Amino acid sequence: MKFKFSRIDRIVEPPTWHTHIGTFVHEVLEHFYLLDAEERTVEAVKAMATERWNTSEWEAQVTALEKPLGSILEFKKTAFECMTNLWKIEDPQQTELINMEYELFTDVEGVRMKGYVDRFLYDEDDGKLIISDYKTGSIPNPKFKSEDDKYFQLLAYALMFESADQEETSKLQLLYLKHSANHEISVTPVKLAIARGVIVETKEAIDQACATENFACNKTKLCDWCFHKPYCPAHQ
Ligand code: SF4
């Protein structure tokens, strides 16, 4: 049902405090990693944050939020902590990225897929790809999200790289900036096969739902955070 609301009915969710922090941090780090390695210091990320704040008029964007969760100062503080926590995860002067915000548009098992990869680099050990994703939210509770679910998006990117660029991936990294934590896994044929299966099953379920106009509601505790809850049939 959530898919129907967002992709078929095209109901656009307005930005929130948390999505704005994520977008701002991604924007700053993307520009920061364009600097030469020796220039990538904490002072430089601070200067870059100021530059992006002004260029993209972030103050106006944060002020326009319907439900701000704090002051402008608190927004900046949270975002800046995420940025500087990067140094607890990796040494930016030793990290050479191949590309950032990279668009992938290809077929996986006959399913048309599109995605934007935050960043990727080559694994020095085997020359394969390491795909990373910045996260500014909390680390998911394993009680509510399995490891396969947690890495599904990045496994899908690995399959898309294979299909579009004939590039193999060795590792996937979720960089939880708020918690200074790097969660990573090695990519295995079994994990890729599971992700392939999920993609095909999901496409079949969507096709069937579109044909019958019967979209299933997945009613869980997470509905409390769903933007569509006020008009979702599961809650009427
Ligand atoms: S409220 Fe729950 S069931 Fe309804 S669309 Fe959102 S997540 Fe799905």
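Predicted model: local features only at pLDDT ≥ 70, side-chain atom pairs only at ≥ 80, totals over all residues.

Trainee: How do β1 and β2 pair?
Mentor: Strand β1 (residues 99-108) and strand β2 (residues 111-122) pair in the antiparallel sense over nine bridges. Pairing takes at least two DSSP bridges between the strands. Strands are DSSP E runs of at least two residues, helices H or I runs of at least four, numbered from the N terminus.

Trainee: What stands opposite M100 in β2?
Mentor: R119.

Trainee: And how many residues lie between the strands of the hairpin?
Mentor: Two residues lie between β1 and β2. E109 in that turn has a positive phi of about 50 degrees.

Trainee: Is β1 largely buried or in the open?
Mentor: One of its ten residues is buried, so β1 lies largely in the open. Buried means 20 or more other C-beta atoms within 10 Å of the residue's own, exposed 12 or fewer, partly exposed in between, with C-beta atoms placed from the backbone.

Trainee: New topic. Where is R10?
Mentor: In the loop between α1 (2-8) and α2. R10 has a positive phi of about 55 degrees, though it is not a glycine. Most residues other than glycine have a negative phi.

Trainee: Is R10 buried or exposed?
Mentor: R10 has 7 C-beta neighbours inside 10 Å, so it counts as exposed.

Key:
Residues numbered from 1 in each chain as written.
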